[in-house]
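Subject: Structure handover

Hello,

Here is the structure I promised to pass on. My notes on what was found follow below it.

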Amino acid sequence: TSALGPKGELLFSSELYQGNWGFFMSRDQGASWKVNGVARGGGGCHATLHIAKSGKWTAYVRAGPGETMPRYESSDEGKTWTLGAPTPFPKAGIGNKLKVLTLASGATLLVTADQFTPTLAGGKQGHALVALSDDEGKTWKHVRSVPVNGGMSAAQNLDGLIYVFGSGMACAAFNEAWVRQGKSADELTAERKAKLEATPGK
């Protein structure tokens, strides 16, 4: 997953060795690259990066420690990482990549897989969750499901329309107002737990 650093650096995430991962950085428009920092252990992979106004870096990863999708935090521009508070979302699973995007409004959009039964936001297996945060990822008050999965990416057009792309040329288009009609991650997690507990054999 690629990103643009606060000073115009080019960044992309990579799995390194023995469960470690990190970001490669280029300060010369891609002519040369170096490993900017390494998150050691934990099995995190396919990291997607959010850079807050405060300068804190947050990386959301597909898999790793804990029961839900983990996130890591860095206060030194990615040189060192610590495991942050867990997210409320299921781990994305094999074959899926995440994407985080800062919208024109300043809200944070996270795109992750929703491949579990029953799905978190009422979609089908193989759909994606799109979630909005107004506090840079501390809470996720609005979540919806879109029919996209796999190696996901996202972008926002100048007219405000948001596009989420997935495997097999899949694409979903919506605006921020549509996502804001969704329930919070905490509400959906409680509903999903109740459904699982009511399902025989779960």
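Strand β5 (residues 48-51) pairs with β6 in the antiparallel sense, over four bridges. Strands here are DSSP runs of E with at least two residues, helices are runs of H or I with at least four, and both are numbered from the N terminus. Two strands count as paired if DSSP finds at least two bridges between them. The bridge partner of T48 in β6 is Y60. β5 and β6 make a hairpin, with five residues between them. In the turn, G55 has a positive phi of about 100 degrees.

A word on the source: this is a predicted model, so local features need pLDDT of at least 70 and side-chain atom pairs count only at pLDDT 80 or more, while totals for chains, interfaces and linings use all residues. Residues are numbered from 1 along each chain as its sequence is written, and side-chain values use heavy atoms, with hydrogens and water left out.

Back to β6 (residues 57-60). W57 and A59 point one way from this strand, and T58 and Y60 point the other way. All four of these are buried. Buried means under 20% relative accessible area, exposed means over 50%, and partly exposed lies in between (1.4 Å probe, protein chains only). β6 also pairs with strand β7 (residues 71-74), antiparallel, through four bridges. W57 stands opposite S74 in β7.

Next, T82. This residue sits in strand β8 (residues 82-83). T82 and T58 are 24 residues apart in sequence, and their C-alpha atoms are 9.7 Å apart in space. Leaving out residues up to four places away in sequence, T82 touches R71, Y72 and E73. Contact means heavy atoms within 4.5 Å.

Now the open sheets.

- Four strands form one of them, in the order β9-β10-β11-β12, with antiparallel pairing. β9 and β12 stand at the edges with a single partner strand each, so one side of each has no neighbour in the sheet. Neighbouring strands are turned by 20 degrees against each other on average, direction ignored. Axes are lines fitted to C-alpha atoms (for helices, over the stretch in contact), and angles run from 0 to 180 degrees between N-to-C directions. Five bridges join β11 to β12. Within that pair, A131 stands opposite V143 in β12.
- Three strands form another, in the order β13-β14-β15, again antiparallel. The edge strands are β13 (153-156) and β15, each pairing on one side only. The twist averages 15 degrees from one strand to the next. β13 and β14 are joined by four bridges. A154 stands opposite V164 in β14.

Leaving aside neighbours within four places in sequence, its contacts include K99, V100, V130, A131 and I162.

Rings of Phe, Tyr and Trp (its six-membered ring) pair if their centres lie within 6.5 Å; planes under 30 degrees apart are stacked, over 60 edge-to-face, and the rest tilted. The ring centres of F174 and W178 are 5.3 Å apart and their planes are at 40 degrees, so this pair is tilted. F174 is buried, at a relative accessible area of 6%. W178 counts as partly exposed, at 26%. Ring pairs also link Y60, F89 and W140 into a cluster.

Finally, the totals. The protein has two helices and 15 strands. Of its 202 residues, 44% are buried. Among contacts with a separation of 6 or more, 40% are between residues 24 or more positions apart. The accessible surface comes to about 10,000 Å², and 53% of it belongs to carbon and sulfur atoms. Accessible areas come from the Shrake-Rupley method with a 1.4 Å probe; for residues, only the protein chains shown count as cover.

Best wishes
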